[in-house]
Amino acid sequence: MKNNTYKIALFGVLSAVALTLSYLEGLIPTVAFMPPGAKMGFSNIATMFAASSMGIVSALAITFIKALFAGITRGVTAFFMSLCGGILSTVTMYLLFKLSKKTGYMAIGIICALVHNFGQLIVAIITAGNLSVLGYAPVLLISGTVTGAVTGTVLRAVMPALERVTETITRKGGK
């Protein structure tokens, strides 16, 4: 029972962190060379931690919550871009965490950012009704690599503390 309570509480905290980081990222002006609406992806730190420690269902639920937040705060197109990119990215990160113990956080961050951007391009193509948005692909390749590297590096830096807190709470919850 306490273990389920812990998981629900951790899920709530990770969802809140993801939404808070997403909101704060929205306050940062877009850099000149980046496409409109491009963000650093810091909220993916919460999703990556969920994918590595809680599993695919929790990580996808956080992804869906983030997409709902994008829809409420930025509109329907943002919802679908966030959802499509987020689902592809979350499934990819889960598989990378489970299948390859040698893949580092930075590589996972980069791969997932690029996959997320690919999902957003799919939605943009459907929305635009043509392939003209593929002109953003080179910019998204560069920005996804940079932002994914930053996100992966931040996760690597905070992961030991997150794991210690998780272990401590799990141990106390199991008594």
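User: Which helix does glycine 119 lie in?
Analyst: Glycine 119 lies in helix α5. Keep in mind that this is a predicted model.

User: Is glycine 119 buried or exposed?
Analyst: Buried. Its relative accessible area is 0%, and the cut-off for buried is under 20%, so glycine 119 qualifies.

User: What is glycine 119 in contact with, leaving aside neighbours within four places in sequence?
Analyst: Cys84, Gly85 and Leu88.

User: And how far is leucine 83 from glycine 119?
Analyst: In space, 8.5 Å, C-alpha to C-alpha. In sequence, the two are 36 residues apart.

User: Which ones are buried?
Analyst: Asn44, Ile45, Ala46, Thr47, Met48, Phe49, Ala50 and Ala51.

User: What about the glycine that follows α2?
Analyst: That is glycine 55. Its phi is positive, near 110°.

User: Now the largest nonpolar core. How many residues, and which touch the most other members?
Analyst: The core has 19 residues. Leu14, Met48, Met93, Phe97, Ile108 and Leu155 touch the most other members.

User: Which elements give two or more residues to this core?
Analyst: α1, α2, α3 (56-74), α4 (76-99), α5 (105-128) and α6. Of these, α2 gives the most to the core, with 6 residues.

User: Switching to the second largest pocket. How much space lies in it?
Analyst: About 250 Å³.

User: How many residues line that pocket, and which lie nearest its centre?
Analyst: The lining has 14 residues. Leu10, Val13, Leu14, Phe49 and Leu162 lie nearest the centre. So leucine 14 turns up again, with Phe49, one of the buried residues of α2.

User: Which helices supply at least two residues of the lining?
Analyst: α1 (2-26), α2 and α6 (137-173). The largest share is from α1, which supplies 7 residues.

User: What is the lining like by class?
Analyst: There are 13 nonpolar residues and 1 polar residue. The lining has no charged residues.

Conventions
Residues are numbered from 1 along each chain as its sequence is written. This is a predicted model: local features need pLDDT of at least 70, side-chain atom pairs count only at pLDDT 80 or more; totals for chains, interfaces and linings use all residues. Side-chain values use heavy atoms; hydrogens and water are left out. Buried means under 20% relative accessible area, exposed over 50%, partly exposed in between (1.4 Å probe, protein chains only). Helices (H or I, at least four residues) and strands (E, at least two) are DSSP runs, numbered from the N terminus. On a 1 Å grid over the protein atoms alone, a cavity is a set of points where a 1.4 Å probe fits but cannot get out, and a pocket is an open set with protein on both sides within 12 Å along at least five of seven lines; lining residues have an atom within 4 Å of a point. Grid points are joined across faces, edges and corners, and a volume is the space filled by probe spheres set on the points. Ala, Val, Leu, Ile, Met, Phe, Trp, Tyr, Cys and Pro count as nonpolar, Asp, Glu, Lys and Arg as charged, and the others, Gly among them, as polar. A nonpolar core is a set of buried Ala, Val, Leu, Ile, Met, Phe, Trp, Tyr and Cys residues joined through side-chain atoms within 4.5 Å. Contact means heavy atoms within 4.5 Å.
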